[in-house]
Amino acid sequence: MTTMANHLPTAELQALDAAHHLHPFTNGHELAQKGARVIKSAKGVWLKDSDGNEIIDGMAGLWCVNIGYGRDELADVAARQMRELPYYNTFFQTTHAPALMLARKLAELAPGDLNHVFFSTGGSDANDTNIRLVRTYWAEKGQPERNVIISRWNAYHGSTIGGTSLGGMKGMHGQGGLPIPGIEFIDQPNWWVEGGDTAPEEFGLERARQLEAKINEIGPDKVAAFIGEPVQGAGGVIVPPETYWPEIQRICDQYGIVLITDEVICGFGRTGNWFGSQTFGIRPDIMTMAKGLSSGYQPIGASVVSDEIAQVLSGTDFNHGYTYSGHPVAAAVALENLRILEEENIVGHVQNVAAPYLKQKWEGLLDHPLVGEAKIAGMMASVALTPDKAARAPFASDPGVVGQICRDRCFANNVIMRHVGDRMIISPPLVITPDEIDILIDRARLSLDECLAQLEADGLN
Ligand code: PMP
């Protein structure tokens, strides 16, 4: 097949890539010098690159390949659907079986009365939908001035104009003149960096109560919604103190604020339940979904809303939608992915096998001289690197310098881990076995050792 260039030598692929391909979240000049790593194929939790390396994927791609790579069933469903109906839209009073069946399935899986699904192509545009949807909802209820959405610094909600605006990444806001008006921020529940001398539980309450203070500062009649990831993912797998979400829930209830949980990472088993909201006892009015919805095999996302919101919205034309909302191939693949998650009891595997074992091994890294904090929620985990555990001290170098050294050692040792500043994070496929977890942790530990040796050699520690 001419479209597949997999047979070309690595250097040739890298040169073509550098000449024509602009990469997301990448310094192009740096990458061109180094040459991109070329992934050729994958199976289970294993990637194979163009040099023949077998790499254990500690990140499930971008937190998405929940059922693991190489499931033929999904390829078969996609091929069948492409032959039968490769595309049709869901605009103009039209539907098709894959979209409606997936909507029904999500209504069944989602907790409470989250029974209505608006499809997108990923998490960013699902959050764009949420902005317009929640503002339209309040306008329809006769309160158009209720249009402010409160989010958190260091949150990640996507990379579109709306998603970036909802997110609290200042480096992203700086590119493109964002956020858009009507988005406000409170601080994140990151105890390791920002907790000072306060106990974690007390800190969790303090951070949650910033929401109440912000609502009162803006005026309760102007606040439409609060959005949060149950566990901040791209922000560094920040698992909040136990006190945090119950207090956020209380405040949203008290002020009648729409509560949106962004389940793009936490959904579909990642935290040990179908949804992170269940793990943390949150009762959202809207959930954002993507990634694990199709295990990344097709681009698809969704906003799933409550009966009440759907009922109010149904009173107007919601002038919003994407060409690929409910794309039949993506929807069919997502349905097959959900079938596998359910029938193979993969969430049960997380709960009973993978997550308890990973927790034990991950927390075992605390004895490493560089590791100050080890946090884990189901199958997403982070460690904070530090030169001084007791003081929770940062390194003297710029944030991220040490993290990148460690990440590069991971690459060299054929394990994919990411760094966020000086935190190392993982989010492996949910189907990972204890033996594979052993390999993952052994390689992580080796990478930490090598990182420490390099810091000592470079005088950075
Ligand atoms: N929300 C969260 C919580 C995410 O982690 C991401 C992606 N990492 C997004 C939204 C954006 O999703 P996408 O990249 O599919 O647009």
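Into which domains is the protein divided?

1. The model is predicted. The protein is divided into domain 1, made of residues 37-67 + 345-458, and domain 2, residues 73-343. The centres of the two domains, taken over C-alpha atoms, are 26 Å apart.

2. The contact between the domains takes 27 residues from domain 1 and 24 residues from domain 2. On the side of domain 1 that touches domain 2, at least two residues each come from helix H3 (60-63), helix H15 (346-364), strand S11 (371-377), strand S12 (380-385) and strand S15 (423-426). H15 gives the most to this side, with five residues. By class, the side of domain 1 that touches domain 2 holds 16 nonpolar, seven polar and four charged residues.

3. On the overall fold, the protein has 17 helices and 15 strands. Its radius of gyration is 22 Å, close to the 23 Å that the globule rule gives for 461 residues, so the protein is as compact as a globular protein of that length. The C-alpha trace spans about 65 × 60 × 45 Å along its principal axes.

4. Of the 461 residues of the protein, 49% count as buried. Among contacts between residues at least 6 apart in sequence, 71% join residues at least 24 apart.

5. The ligand is surrounded by 17 residues, and the closest are Gly122, Gly123, Ser124, Gly158 and Val264. Helix H6 (residues 123-140) provides the largest share of the shell around the ligand, three residues. By class, that shell has six nonpolar, nine polar and two charged residues.

6. Helix H17 (residues 434-458) has 25 residues. From its first C-alpha to its last, H17 reaches 36 Å, close to the 36 Å expected at 1.5 Å a residue. H17 is followed by Gly459, whose phi is positive, near 70°.

7. Which residues of H17 are buried? They are Ile437, Leu440, Ile441, Arg443, Ala444, Ser447, Leu448, Cys451, Leu452 and Leu455. These buried residues pack against strand S3 (54-57), H15, S11, helix H16 (401-412) and strand S13 (415-416). Of these partners, H15 and S11 also supply residues to the side of domain 1 that touches domain 2.

8. The peptide bond from Leu178 to Pro179 is cis, with omega near 5°. Pro179 sits in the loop between helix H8 (170-173) and strand S6 (183-186).

9. Two residues other than glycine deserve a look at the backbone. Trp63 has a positive phi, near 60°, and its place is in helix H3. Is Trp63 buried or exposed? Trp63 is buried, because 25 other C-beta atoms lie within 10 Å, where the cut-off for burial is 20 or more. Helix H3 is also one of the elements that supply at least two residues to the side of domain 1 that touches domain 2.

10. Lys291 likewise is a residue other than glycine with a positive phi, here near 40°. Where is Lys291 found? Lys291 is in the loop between strand S9 (286-289) and strand S10 (301-306). Lys291 counts as buried because it has 28 C-beta neighbours inside 10 Å.

Key. Residues are numbered from 1 along each chain as its sequence is written. This is a predicted model: local features need pLDDT of at least 70, side-chain atom pairs count only at pLDDT 80 or more; totals for chains, interfaces and linings use all residues. Domain bounds come from an automatic or database domain assignment. Two residues are in contact if their C-beta atoms, placed from the backbone, lie within 7 Å. Helices (H or I, at least four residues) and strands (E, at least two) are DSSP runs, numbered from the N terminus. Ala, Val, Leu, Ile, Met, Phe, Trp, Tyr, Cys and Pro count as nonpolar, Asp, Glu, Lys and Arg as charged, and the others, Gly among them, as polar. The radius of gyration is taken over C-alpha atoms; the globule rule is 2.2 Å times the number of residues to the power 0.38. A residue is buried if 20 or more other C-beta atoms lie within 10 Å of its own, exposed if 12 or fewer, and partly exposed in between; C-beta atoms are placed from the backbone. A residue is near a molecule or strand if its C-beta atom, placed from the backbone, lies within 6 Å of it. The expected span of a helix is 1.5 Å times one less than its number of residues.
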